[in-house]
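Let's take a quick tour of this protein and the two molecules it holds. Have the sequence and the 3D view open as you read.

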Amino acid sequence: MTRMLRVVFLSSIAFGYRVMSMDLSRTEDLGSTPIFVCSVLEPPEQRSANNLKDVHGFSEPAMINKPVMLISAQPDLDAVPPSDAIHENEWYNQDFDGYRVTEQLLYAKRPLRIICVGAGAAGLQIAYKAERALENIDLQIYEKNNDVGGTWLENRYPGCTCDIPSHSYQFTWARNPNWSHFYSASEEIWQYFKDIAVKYNLEKYVQFKTTVEEAVWDEELGKYHVKILNPAGERITDSCDILISGSGVLNSWKYPDIPGLDLFKGKLMHSAKWDADYDLTDKTVAVIGGGSSAVQIVPNIQPKVKKLTAFLRSPVWITTGFGARYAGPGGTNFEYSEEQLKEFRENPEAHVKYCRDIEGELNKRFTLMHSKGKDQKNSRDLIASIMKDQLGGDPALTARMTPNFALGCRRMTPGSGYLQSLTKENVQPVHRSVVRLTETGVVDEDGTEHEVDVVICATGFDTSFTPHFKLIGRNGADIKEQFGDFPIGYLGVTVRNFPNFFLLIGPNGPASHSSILPILEWYTRYAFQMIEKFQRENIKSFEPKEKAIKDLYNHTHELMKRLVWSSPCRSWFKNGKIHGPVTAIYPGSRLHFFELLKEVRWEDYDLTYKTNNTFQFLGNGYTQTEVSEDGDPVWYFDDPFTKI
Ligand SMILES: Cc1cc2nc3c(=O)[nH]c(=O)nc-3n(C[C@H](O)[C@H](O)[C@H](O)COP(=O)(O)OP(=O)(O)OC[C@H]3O[C@@H](n4cnc5c(N)ncnc54)[C@H](O)[C@@H]3O)c2cc1C
Ligand SMILES: NC(=O)c1ccc[n+]([C@@H]2O[C@H](COP(=O)([O-])OP(=O)(O)OC[C@H]3O[C@@H](n4cnc5c(N)ncnc54)[C@H](OP(=O)(O)O)[C@@H]3O)[C@@H](O)[C@H]2O)c1
């Protein structure tokens, strides 16, 4: 019994037929459609109900030869008529706004070039994830230094240590069981980044000793032209579709803006540009600053210098360490025992649990960040009394050193041994600003000159959020001018007037929300979602909308009124101001940030397309699944929505 059948899908069990074999030599030409003779199963109604087992191939079914239509899954370019062909249906002899279908498959990812500036934590994270999560991209990272690691390559002052627990200050994709201490020192953190870069071969994306000097948006091409200074000292122009700045918020260190720096004849150093070869033994030293860097430098150099004058213009809350529940007694650092390290190495589950516990603890701090909250009051009272004890009960020093602003307004600074060191005989705290330097010393605002051999400026960084290169966007916008001293962006990652640009991390991102590394991971995830859509949907540019930015701005600063960061203290979170907008901090908890950035709110972006039809990416009507050999033609059966 041979019958002609129309078989559209090879496994058309739904219609009751199943192709068991086919004989390509036996084709019959029926009009324009080639018909192959295949062996198919009988339709179900012709089989007995108890023969259903055969349908699923458990036993050899009865074969019959029938001619059927067999369809090639590959698009047939010969079937594409020329765009000016005369159609048999007259209605179709019209032009649809000049639109032309392209032969692309739905959501095909077009090739992109991405340039990332910087190979610190952000750049390494981009490289690792891009290789695994993106397709059809060409990634180039430019790094001014001769190695990876950014902050941890550059900051090598005595005592430079991360104050976030090591098992949180790491990437979730590269958990390290070998951290030697609860809080790790700069060298060990740098080694961690270097090891990752080597293990995953990430340095192949990086061109070292290469400074990005300028990036200029080209509206017509939808690209940035990027000027670089290469190791040979040549200026070269590269270009990219997507520009990522991972150039570091705390990377451009700065000397204080005080006269006479060039007059000083002694040794001048900045905390972020430490001269490790210089011996401080028996020297008379001035340390300018009382922020996190100075708090680590002072107790570490105090025992070896002859005299140390600490210029502490503003007080700062000196707290116990972050993640104190898991730290040593009183929130102090400790060294892991061999036994603990062995357990982390040999029992990865226990290690991951430990990492999760610490991270979870750090994620529960938002109540503390409310100026009028109970947690704030209790913690403030506790820290004030600990500080008093550490200052040896000295009432004058305690009064000077205890801030009158909220805990957390400036970055809380765990300072192991810091306050105690201020009480040592060879240390003189000066609670006044430095106004100028002379050939031989430092002059404070009272006009007193302090003669010193060495001036150490622990005076912080350019925290304007401006990338460390000239950036010109749409209609000639210059990001340095646009940001001025009040940078505004969108969710700390994209910026109005700067299409196709990601800033990791930008204004009002979670800069004081515990370890930055998982935050960088999440920003990367967000950026990659955007890049994928950009690639798949023929998008030429994306830029956050003015209205979204304005609404976010209003929300940010209205909520900020109740949060510690708006308290009047001088902080880099307010770009060095006492009274002024909080420019560095995300208005919400760490978990709030993670949840919000899970999905891209596309309604907050202005998009332009590569052609004037936004649906050009629909292409020729085929999907990638159906033309690929191993594409699953019923993938939608496995969609999570079908399982609920
Ligand atoms: C002393 C110190 C201690 C810190 N401690 C902590 C902590 O305990 N916890 C925490 O979460 N964060 C801490 N931070 C913040 C720290 O900066 C981040 O955690 C993180 O290292 C930032 O990584 P990044 O890649 O964004 O920037 P960076 O590490 O600053 O890297 C930026 C890279 O960009 C390169 N670059 C800059 N401009 C250019 C250019 N024009 N062309 C080419 N390359 C360029 C730089 O050379 C650098 O390698 C600390 C910062 C400092 C300074
Ligand atoms: N362990 C860590 O985790 C760690 C360590 C170091 C740095 N960091 C990160 O890096 C950030 C920056 O820290 P930082 O300490 O380098 O810088 P910072 O917090 O900005 O502190 C700079 C210090 O310099 C003082 N200063 C500036 N100009 C002065 C002048 N003319 N006279 C007297 N004092 C002057 C400032 O005084 P005012 O306060 O009065 O302005 C301030 O005390 C931190 O907030 C933190 O995010 C972290």
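**Around ligand 2**

Helix α4 (residues 292-301) gives the shell around ligand 2 its largest share, 4 residues. Helices here are DSSP runs of H or I with at least four residues, strands are E runs of at least two, and both are numbered from the N terminus. Keep in mind that this is a predicted model, where local features need pLDDT of at least 70, side-chain atom pairs count only at pLDDT 80 or more, and totals for chains, interfaces and linings use all residues. Residues count from 1 along each chain as its sequence is written, while chains are lettered from A and ligands numbered from 1 in the order in which they are written.

- Ligand 2 is surrounded by 26 residues, and G289, G291, S292, S293 and G460 are the closest (near means a C-beta atom, placed from the backbone, within 6 Å).
- At least three shell residues come from each of domain 2 (112-252 + 463-618) and domain 3 (254-317 + 376-405 + 407-460), with bounds from an automatic or database domain assignment.

**Around ligand 1**

- Ligand 1 has 32 residues around it, with G118, G120, A122, G150 and G248 coming nearest.
- α1 (121-133) and β7 (211-218) each supply at least two shell residues, and the largest share, 3 residues, is from α1.

**One residue's contacts**

- Skipping neighbours within four places in sequence, V287 is in contact with A294, I297, V298, L308, A310, F311, I456 and A458 (contact means C-beta atoms, placed from the backbone, within 7 Å).

Key. Two residues are in contact if their C-beta atoms, placed from the backbone, lie within 7 Å.
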